[in-house]
Amino acid sequence: MDEEAMDNVIPMDTYILPNTKNTLVIPVQYRAAEGRGSGEGIEICVFLADKSGVEFSVDGGKMATAQDLHELVVELLELTSIARDLFALWVTSPLLEIQLRPHHIPFRVVQQWPDLVQKYTSATAEEIIQDEPVLMFRRNVFFSKAREMREATDAESLRLLYEEAKFNVVESRCPCSSADCEKLAGLQAVIEHGQYDHNQHKPAFYKNKVRSYLPEYMCKSSWLKTKAETRISHQHMRMSTKDPQDALYTKYLTHVWNMPFYGSAFFKGQIERPAGILGTWTQNPDVEVFVAINSECVNIIDREKHELTLSVPFEKLSWEYMQPPCQGQEGRMPCLFLQFMCCEDRSMVTNLLQVFSKQAAMMDAMIESCVLMKTGSVPNTPSSCTAPVYPPLHVHNENGNTDADAGYDTVDTVACTQQMGEHGVAAAIPSLVAHLERLVVSTFNLQGECMKDGSRRQAWRFDR
């Protein structure tokens, strides 16, 4: 990136976000736009995952489409042509995240933000008033991981992907083992501070920076554990290398590419908690989860335990979106049914899981779009995503076989297998992961007969 382009990239920390719903960026820029009189010109800042912002002025900005702004960002950052498909514009806030389609008008989305937050979240009125959306340049969730591994080779695209992946790991969106988190922290330290220096990079160097390297659940002190700053310092030394920055970005990404939930859009939901020792005599609160959906699979992540509970590739998934039977009744939320097959007692059975969420309709639309793109029904671009078409349960897989003939993996299998793709690049192929002891599921045999009705919500179960 040349010096002129760098002049348009400024740290996010210099901004104070406005408490107004009719501007995309910061107060001083908005006031400058108002001063023009016509109201047509708007100063816009699109934020990046590293908390910097790309700033530009757009004439007629109130009618500029996401595609218009996306092209400006690609041009200012001097990204390669692959970035036009690899990245997309998002409107995000602490309460809600939405990837924009090319024809969407960001200014209008921001104006409608309070209504969207009210519709798709359980936020209080006060939280909605205080919520502030920003425009972000992030990975396109419809872009396939295999293509990213093959074609995302330029340093700037790799850097942006690295920054986003790092954010998801450190902010506890991606459930990683302790070993994985520490290895990634070591790679991050090498990327940010260079080769390990015995005099400089001692544990004390990281003492006040631990949360920048490890998720919160790994930072808790315990006399049984080595201090977090010591573990980071050790991994910095262990991962130290003279590799150039782009090679280090690739090393970090190669590690997270193996995770089935990489590149996902994250939706908030809840599932029933399995009965405890007292069985059904006590009603346990639901388990808060992330439903992480990418171009390959649907993942259920336990937000309390930071664990991957379920991962189902689209080839092995049937699903159905349903509204609650009593519209407007307190506590009733839309539901997404996820159906998948696995081997239980040497027999193939179907398990049905209910995910309750005000974002269930968004999940349904995204799954449908991804399935259509995988089957070639629509081109592999986000602009082609159409309204969802709900398939019946027990659908055929993309090889034309019925579920009974599909050769499904048993429960608790490895999260992904490796397959050599184009140009000799290994692509991660997700396999079924299902920790059934942590899920409340209804089980059916291949004839459709209910073998076990796991849900305690009898009035809100799927009626076949």
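At what angle do helix 10 and helix 13 pack, and how far apart are their axes? Before I answer, please keep in mind that this is a predicted model, in which local features need pLDDT of at least 70, side-chain atom pairs count only at pLDDT 80 or more, and totals for chains, interfaces and linings use all residues. Residues are numbered from 1 along each chain as its sequence is written, and side-chain values use heavy atoms, with hydrogens and water left out.

Helix 10 (residues 178-193) and helix 13 (residues 245-257) pack at about 165 degrees with their axes 10 Å apart, the axes being lines fitted to C-alpha atoms over the stretch in contact, and angles running from 0 to 180 degrees between N-to-C directions. That makes helix 10 roughly antiparallel to helix 13, a term for angles over 145 degrees. The residues in contact (heavy atoms within 4.5 Å) include Leu184, Leu187 and Ile191 of helix 10 and Leu248, Tyr252 and Val256 of helix 13.

Turning to helix 6 (residues 113-120), Trp113, Leu116, Val117 and Tyr120 are buried, meaning under 20% relative accessible area with a 1.4 Å probe and protein chains only. On the other side of helix 6, Asp115, Gln118 and Lys119 are exposed, that is, over 50%.

Notes
Helix = DSSP H or I, 4+ residues; strand = E, 2+ residues; numbered from the N terminus. Parallel < 35°, antiparallel > 145°, perpendicular 65-115°, else oblique.
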